[in-house]
Amino acid sequence: MRIGVVTFPGTLDDRDAARAVKYAGAEAVSLWHGDADLKGVDAVILPGGFSYGDYLRCGAISRFAPVMTEIIAQANKGMPLLGICNGFQVLCEAHLLPGALTRNHELHFLCRDQTLKIENTTSAWTSNFTKGQEIVIPLKNGEGSFQCDDETLKLLEDNNRIVARYVGENPNGSRNLIAGITNERGNVVGLMPHPEHAIDSLTGPSTDGLPFFTSVLTALVGK
Amino acid sequence: MGKIVVDVMLKPEILDPQGKAVAAALPRLGFSFATDVRQGKRFEITVDGDVTPAQIAEVEKAAEVLLANPVIETFTVRAE
Amino acid sequence: MALDTVAIAQTSPDTKQPFAELGLKPDEYARIKEILNRRPTSSELAMYSVMWSEHCSYKSSKVHLKQFGEKAPHSDALLVGIGENAGVVDVGQGYAVTFKIESHNHPSFIEPYQGAATGVGGIVRDILTMGARPIAVMDPLRFGPADAPDTKRVLPGIVAGIGGYGNCLGLPNIGGEITFDQTYLGNPLVNALCVGVMRHDQIKLAKASGAGNLVVLFGAKTGGDGIGGVSVLASETFGASGPAKRPSVQVGDPFVEKVLIECSLEIFAEDLVVGIQDLGGAGLSCATSELASGGSGGMQVQLDKVPLRDPSLSPEEILMSESQERMCAIVEPKHIARFLEICAKWDVTVDVIGEVTDGDRLIITWHGEVIVDVPPRTVAHEGPVYNRPLAQPDYINIVNAQVIDVPLPKTAEEIKAAMLTIASTPNLADKSWVTSQYDKYVQGNTILAQPEDAGMVRVDESTQLGVAISTDANANWSYLNPYEGAKLALAEAARNIAVAGAKPLAVTNCLNFGSPEDPGVMWQFAETVRGLADGCLEMGLPVTGGNVSFYNQTGDVAILPTPVIGVLGVIQDVRTRTPMGIPAAGLDLYLLGETKNDLAGSEWAFLHNQRGGQSPTADLQREMKLIDFLLANNSIFKSAHDLSQGGLAATLVEATLKNNVGATITLGDVGIELLSETPSRVLIAIDPKDAAKITYPATKIGTTGGTSLTINGAEISLDELRTVHTSTFPKLFG
């Protein structure tokens, strides 16, 4: 299995995402924002960071990168696509996922170990979890507050499209404690916390992040 | 040189923590009149010569796809 | 203003020049005329004034700092020593590590967010300039009283600035300190440390050699940022005396810096540069003169080729601009095409602005007219040197004669009250409100981070080689005895490295002081340097570089002498690191080292408003024995935590709360044993069966387990302890 990891100017967690892919047993392929070529990968990760300095709006400029045209086309055909943090912001800006990520309600960047509850275990990136499972992975962002209109929120809730929720105090003001969502088809997932930083207890708070990366392998094998 | 101004504001229903922080700070400084504050963005786009209606229309398109995120923001475009 | 050229300068020797306004003394101005054999042009005057400022030339500190070289211990680990942008240390397996700490104090007082942000940006570029990939940052900070209105202004801004810039660069922030004291009100200290790693053969130096090689400027365009910022912002004591000069603050763009880092590393990997220098304080004046004097001396620069953000800048301003995120490289003509190609890939602005020449003059032209023609060494390295008068200040004998008389807890109630006070006082309270604004996870190699004793990052994933860094200062001790204070800070930083399981290897420092024109301050400085140099020699740790920040004072009140000492260590296998938190119940707690009545300069005395007494005397032989023991027996420690500010009391709070594991402690002279700050002590948790392996003077003080910290019968639930420990900062700054 080959999983692409995109680097935009200002991307930071690309090497971490690639490491997580390797830990899961797949091959990580780096993709450059300026190249429209996906190098035949089976799935793509948009990692965290501050692409284009988060200027204008987080993810707003990256979504127009040449590589995104091809990624959007493939995702619409069912290719698994995971956006982490800044990647989630790009997915919303690209309208692959509904809603938007806005400034944390306390206005600070916040880096902490965060407990999440996995709500959806049918998406391409969460099938190796059990429903209701609580995990601890790092959260680190300044603009992680998930916002959308009431109608969209109802749609997400009613169709089991909320992938994970924050447990305990709301860290950033997200509606309904949303930490991650998926599209209707379940192949595109956006997640604000960082599973790629929880794959080894030497460097992270747990290994709870790994199933995100093994799930997609299961999904691809089953195809 | 003409100037086209684009004002971008969060939609009223979207939480604006920055505006809220400003609203909370005003009374602390003795400014007690404000019932609400919303913070937005302003773009100034400079063009050669006077602004044409066609340029306004182009900027409106640009605002729709790039300068504003219609999911959470509204915008206005005008020549100045 | 008409262009002032060398030709004009030669024919108008009597033109009045504003040398005093630029901070030059009459004799310094006279020396410039002597060097040039004519009056300087206005551009030359700008260059000399900024390069001969205290901040750039170290003119007051040089005579003392040379002790670091004279007393340097023999070390095989040192690959590049003092004098380059940062020292480089061999950590084995072909890896070299470079680290350095720098102050950005005054700019952070003026504009906290941008001051702190550009402080991070500057130190990161220093590390990058050595050829290294930056891998971590940390920030020792000092502020006025926690509840002072100005602290509420500067602290949140500085923290947000450090986070805003460092997070965007993708550098984990792994440690630092925050201390409050009255003397830092109006003089906050923002010291920024960065560590980077490279292979031995990738080390780069600031030198321009090889006639015909090109001088290339890349990164951000030049604007009017911080013109004269270095000399004005960092050298001018502000306060009652006279109108303050209006400084222009530098604004940082971390995105440009991140791209510049990746672009530079790609250029280094292909070995496309002969020499490189970042543009920080003194901008192009510094970069061109240092590169030229690092080589044979000859360089020609066409200043009008510099890409400008503000086209109205004069040549003098371009030379002095401190616009951030710029680098200057020396490139052989055969490599320039590839160099430009990599810059294009990263969308980095790049221009060839000159070339290396035969001869020994730095010649700068503006649209064909020569505006600078100087021997570069006279600008960069041969500035004025002052042997400033120094005298032991009167306060020393007075405070040293004072005897600390503070109430010490005896009853269970008093013990509990003292523990809650120590847990919640701003100097010792939980700093998560600050550190949670910093990304500690990025790069995926962080092994230990704040609030651990040392920060630790993995250097090689396949071999698990890692490095640890700790910065420490105890200004209270330095105030009582600057010589011992410096040694004690060194000892503490080295101990923190060893406690985490790494071997101390090298030292950097950031020496923060008041005005060098005050003989008392100069004495504090001289004693500090003497103490640090003696300490480093005794411990066998070379000083790889450092930074001096003078003029941290308001009116005639100087800050406490604050030498921040950074120690770098190496750990062969990061999986053997020792964390500070007690991991489980059923372990025995031992206190390594002896406890004496060392309340002078302690947090407990500070809390009772007593600043006198005599600091402990550093016993570095004992410290080295302790370090040896820690390193040899690392495998039996389930946790280990240094004792420093707040003594055993503070150590117990942190060690129990980290993993929410309680402890039951029995002490003899409970007040002293909890609150004394005798150096060279460590709290360890071990399996009871390993008791016989403790071959260092130690006392068993208790056992682990439960949900309370109980000391001589005084029971404090961990919940209560946590509540007071974690609520101080949110209450003050939230």
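How many residues does the contact take from chain A, and how many from chain B? Hello everyone, let's start there, and keep in mind that this is a predicted model. The contact uses 14 residues from chain A and 10 residues from chain B. On the side of chain A that touches chain B, helix 3 (86-93), strand 5 (100-102) and strand 8 (145-147) of chain A each supply at least two residues. If you sort that side of chain A by class, you get 4 nonpolar, 6 polar and 4 charged residues.

Now let's bring in chain C. Of the 2 pairs of chains that touch, chains A and C have the most contacts between them. Here 24 residues of chain C are in contact with 24 residues of chain A. Helix 9 (149-169), helix 11 (254-269) and strand 14 (446-448) of chain C each give at least two residues to the side that touches chain A. Which of these gives the most? Helix 11 of chain C does, with 4 residues. By class, this side of chain C has 10 nonpolar, 9 polar and 5 charged residues. As for chain B and chain C, no contact joins them, and their closest C-alpha atoms lie 12 Å apart.

Next, please look inside chain A, at a pair of helices. Helix 1 (residues 14-24) and helix 5 (residues 210-221) of chain A pack at an angle of about 60°, and their axes are 9 Å apart. The crossing of helix 1 of chain A with helix 5 of chain A is right-handed. Which residues meet there? From helix 1 come Ala20(A), Val21(A), Tyr23(A) and Ala24(A), and they meet Leu210(A), Phe213(A), Thr214(A) and Leu217(A) of helix 5 of chain A. The contact of these two helices of chain A has 7 nonpolar residues, 1 polar and no charged.

Let's move over to a sheet in chain C. This is an open sheet of 7 strands with mixed pairing, and its order is 23-25-22-26-24-27-28 (chain C). At the edges are strand 23 (637-642) and strand 28 (714-717) of chain C, each pairing on one side only. From one strand to the next, the twist averages 20°.

Two helices of chain C lie across strands of this chain. Helix 20 (residues 482-499) of chain C lies across strand 23 and strand 25 (682-686) of chain C, at about 165° to strand 23. Helix 24 (residues 647-659) of chain C lies across several strands, including strand 22 (588-592) and strand 27 of chain C, and runs at about 140° to strand 23 of chain C.

I'd like to finish with strand 27 of chain C. It runs parallel to strand 24 (residues 663-665) of chain C, and 3 bridges join strand 24 to strand 27 (residues 708-711). Thr664(C) stands opposite Thr710(C), and Ile665(C) has Ile711(C) as its bridge partner. With strand 28 of chain C, strand 27 of chain C runs antiparallel, joined by 4 bridges. There, Ser708(C) stands opposite Ser717(C) in strand 28 of chain C. The hairpin of strands 27 and 28 of chain C has 2 residues between the strands, and Asn712(C) takes a positive phi near 45°.

Methods:
Residues are numbered from 1 along each chain as its sequence is written. Chains are lettered from A and ligands numbered from 1 in the order in which they are written. This is a predicted model: local features need pLDDT of at least 70, side-chain atom pairs count only at pLDDT 80 or more; totals for chains, interfaces and linings use all residues. Two residues are in contact if their C-beta atoms, placed from the backbone, lie within 7 Å. Ala, Val, Leu, Ile, Met, Phe, Trp, Tyr, Cys and Pro count as nonpolar, Asp, Glu, Lys and Arg as charged, and the others, Gly among them, as polar. Two strands pair if DSSP finds at least two bridges between them. Axes are lines fitted to C-alpha atoms, for helices over the stretch in contact, and angles run from 0 to 180 degrees between N-to-C directions. A crossing is left-handed if the near helix is turned anticlockwise from the far one by less than a right angle, and right-handed if clockwise.
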